[in-house]
Amino acid sequence: MGYFDPLQLSKGKSEADMNQLREYELKHGRVAMAAVFGIIVEPRFHPLADSCHVAHPTDPILAGVELNFAGKAQILGFCAGVEALTYYIKKGDNYKPGDLLGAAYYVADEEDELWINYQEKELNNGRLAMMAFAGFVTQYLLYGNTDDMLFKPMVKASEDLTCYGLICT
């Protein structure tokens with residue numbers, strides 16, 4: 001898509017400011033990709049649900065609310081560790097925005113087409129995941145589930161469907 005800034009948020013910003021905004025976008029995109037993966041996989045595969053004392057393992061949003069303090073503390077501790085690692089890595093001379101594990105150190109040519117293509121794919125997939133997560137949350141707030149509401153009705157018998165206006169589950 002090239003340089004994407006439809007709201008002109010970059011107007012009047014310095015390169016340092018833009019690098020910081022790009023880092024925020026990368027970080028939020030990576031978290032959103034993990035969250036969307038979790039929302040899709042968790043209702044079907046939840047091996048730790050019993051040991052975490054989660055009563056509704058097939059409902060990703062409710063399972064997150066039901067998670068006990070120790071589980072939430074572990075998640076918070078992991079996030080704090082990633083932030084501390086990011087802060088430590090930022091002190092380096094060759095730091096690039098969003099380069100958490102130092103992959104840019106191994107890239108010989110920053111202008112290499114494959115490297116630029118990889119970075120653009122990561123940004124675009126992160127943007128898509130942020131929109132998908134917002135859609136999952138909106139669907140959950142409106143209908144109380146994160147299931148497939150588009151294709152599942154096509155394979156169910158009509159007597160087994162529950163309909164909400166034009167959307168059936």
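Leaving aside neighbours within four places in sequence, which residues is Glu122 in contact with? In this predicted model, Glu122 is in contact with Leu26, Arg30 and Met33. Glu122 is placed in helix α4 and counts as buried because its relative accessible area is 17%, under the 20% cut-off. One of these contacts is also a salt bridge: the closest N and O atoms of Arg30 and Glu122 are 2.6 Å apart. The pair links distant parts of the chain, with Arg30 in helix α1 and Glu122 in helix α4, 92 residues apart. Arg30, at a relative accessible area of 31%, is partly exposed.

The protein chain contains five helices and two strands, and its elements run α-α-α-α-α-β-β from the N terminus on. Of its 169 residues, 24% count as buried. Among contacts with a separation of 6 or more, 42% are between residues 24 or more positions apart.

Helix α1 has 27 residues, which at 1.5 Å a residue should span 39 Å; the end C-alpha atoms are 39 Å apart, in agreement with this expectation. The buried residues of α1 are Glu23, Leu26, Gly29, Ala32, Val36 and Ile39. Their cover includes α2, α3 and α4. The largest nonpolar core is made of five residues, namely Ala32, Val36, Ile39, Ala129 and Phe136. Two or more residues of this core come from each of α1 (15–41) and α4 (113–143), and α1 gives the most, with three. Within this arrangement, Val36 touches Ala129, Ala132, Phe133 and Phe136, when residues up to four places away in sequence are not counted.

Five salt bridges were counted in total. One of them is formed by Arg127 and Glu25, with the closest N and O atoms 2.5 Å apart. Arg127 lies in helix α4 and Glu25 in helix α1, so this pair ties together parts that are 102 residues apart in sequence. Arg127 is buried, at a relative accessible area of 16%, whereas Glu25 is partly exposed, at 23%. A further salt bridge joins Glu83 to Lys27, the closest N and O atoms being 3.0 Å apart. Here too, distant parts of the chain are linked: Glu83 is in helix α3 and Lys27 in helix α1, 56 residues apart. Both residues count as partly exposed, Glu83 with a relative accessible area of 41% and Lys27 with 27%. As for the Arg30 and Glu122 pair, the bridge links α1 to α4. Salt bridges with shared partners join Arg22, Glu25 and Arg127 into one network.

Apart from residues up to four places away in sequence, His46 touches Pro57 and Thr58. The C-alpha atoms of His46 and Pro57 are separated by 6.7 Å, with the two residues 11 apart along the chain.

On the surface, Leu85, Tyr88 and Leu101 form a nonpolar patch, and together they have about 370 Å² of accessible area. Tyr88 lies in helix α3 (residues 69–90) and counts as exposed because its relative accessibility is 61%, over the 50% cut-off.

Key:
Residues numbered from 1 in each chain as written. Predicted model: local features only at pLDDT ≥ 70, side-chain atom pairs only at ≥ 80, totals over all residues. Heavy atoms only, no water. Patch = residues over 30% accessible without salt bridge, like charges linked within 9 Å, V, L, I, M, F, W, Y side chains within 5 Å. Areas by Shrake-Rupley, 256 points an atom, 1.4 Å probe, with all protein chains shown as cover. Salt bridge = Lys/Arg side-chain N within 4 Å of Asp/Glu carboxyl O. Helix = DSSP H or I, 4+ residues; strand = E, 2+ residues; numbered from the N terminus. Buried < 20%, exposed > 50% of the residue type's maximum accessible area, 1.4 Å probe, protein only. Contact = heavy atoms within 4.5 Å. Core = buried A, V, L, I, M, F, W, Y, C linked by side-chain atoms within 4.5 Å. Expected span 1.5 Å × (residues − 1).
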